[in-house]
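Please read them with the coordinates open beside you.

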Amino acid sequence: MKRITTKIKMILFTSIQGIAMLAFFLLYRSFRQQWMLSLAITLLTIFYHFAMRLVVGEVITVIFKNREFPQDRWGFPLYDFEKGLYRKLRVKQWKMSMITAKPEQFDLKQVSLKELLHNMMQAELVHRIIMILSFLPLFFIIPFGEPIVFIVTSIIACMMDSIFVIIQRYNRPRVVKLIKFVV
């Protein structure tokens, strides 16, 4: 039996969230129960965060498929303080326990070192964009109220994606070193 990939699980979860969100908005319109609106708003926020991740990942993949990333621009340069920060955060101990939407892009049995470097920088860019877009739901406060739901989910989503940026930035110098060694 074929294994269900993380990306397919994300698509299924996002679809279920979208359907549930619409159902509770419709139920709220019919029955005017506050808990239905609260649940619909929560599902809307969750749906947004997952759908946005899927869309941003695919758009960046299409845009940068055959382009090189400038390691000296766009926030890609590595800074002197990062090595110490990553040591304090113990990135080496926990980085392998994080999920990957497209693990084949980071498997050296399937990609070259140069492709791996490209995929890492692309993943970093995706997660940086997602970190910024995590705060768009704050605009939902205007029509729906419920600021706590939107503020908390935006902060948590941004922090989660910062973990993936850290992992890419932690691993990149090692891959660059390997590429220089092999070439």
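1. In this predicted model, the buried residues of helix 1 pack against helix 2 and against helix 6, the latter covering residues 141-144. The buried positions of helix 1 are Thr6, Met10, Thr14, Gln17, Gly18, Met21, Phe24, Phe25 and Tyr28.

2. Helix 1 contains 26 residues and spans 37 Å from its first C-alpha to its last, which is close to the 38 Å expected at 1.5 Å a residue. Just after helix 1, arginine 32 adopts a positive phi of about 50°.

3. Glutamine 17 deserves a separate look, and it lies in helix 1, which runs over residues 6-31. Is glutamine 17 buried or exposed? Its relative accessible area is 10%, under the 20% cut-off, and therefore glutamine 17 counts as buried. When residues up to four places away in sequence are not counted, glutamine 17 touches Leu43, Ile46 and Phe47.

4. The largest nonpolar core has 19 residues, of which Val56, Ile60, Phe69, Leu116, Leu117, Leu125 and Val175 touch the most other members. Two or more residues come from each of helix 2 (34-63), helix 5 (113-133) and helix 7, and helix 5 gives the most, with eight residues. Apart from this core lies another, of eleven residues, including Met21, Leu37, Ile41 and Phe150.

5. Phenylalanine 69, named above among the residues of the largest core that touch the most other members, can be examined through its contacts. Leaving aside neighbours within four places in sequence, phenylalanine 69 is in contact with Phe64, Trp74, Phe76, His118, Met121, Gln122 and Leu125.

6. Turning to the overall architecture, the protein has seven helices and zero strands, and its C-alpha atoms fill a box of roughly 65 × 45 × 30 Å, taken along the principal axes. Buried residues account for 38% of the 183 residues. Among contacts between residues at least 6 apart in sequence, 74% join residues that are at least 24 apart.

Terms used: Residues numbered from 1 in each chain as written. Predicted model: local features only at pLDDT ≥ 70, side-chain atom pairs only at ≥ 80, totals over all residues. Heavy atoms only, no water. Helix = DSSP H or I, 4+ residues; strand = E, 2+ residues; numbered from the N terminus. Buried < 20%, exposed > 50% of the residue type's maximum accessible area, 1.4 Å probe, protein only. Contact = heavy atoms within 4.5 Å. Core = buried A, V, L, I, M, F, W, Y, C linked by side-chain atoms within 4.5 Å. Expected span 1.5 Å × (residues − 1).
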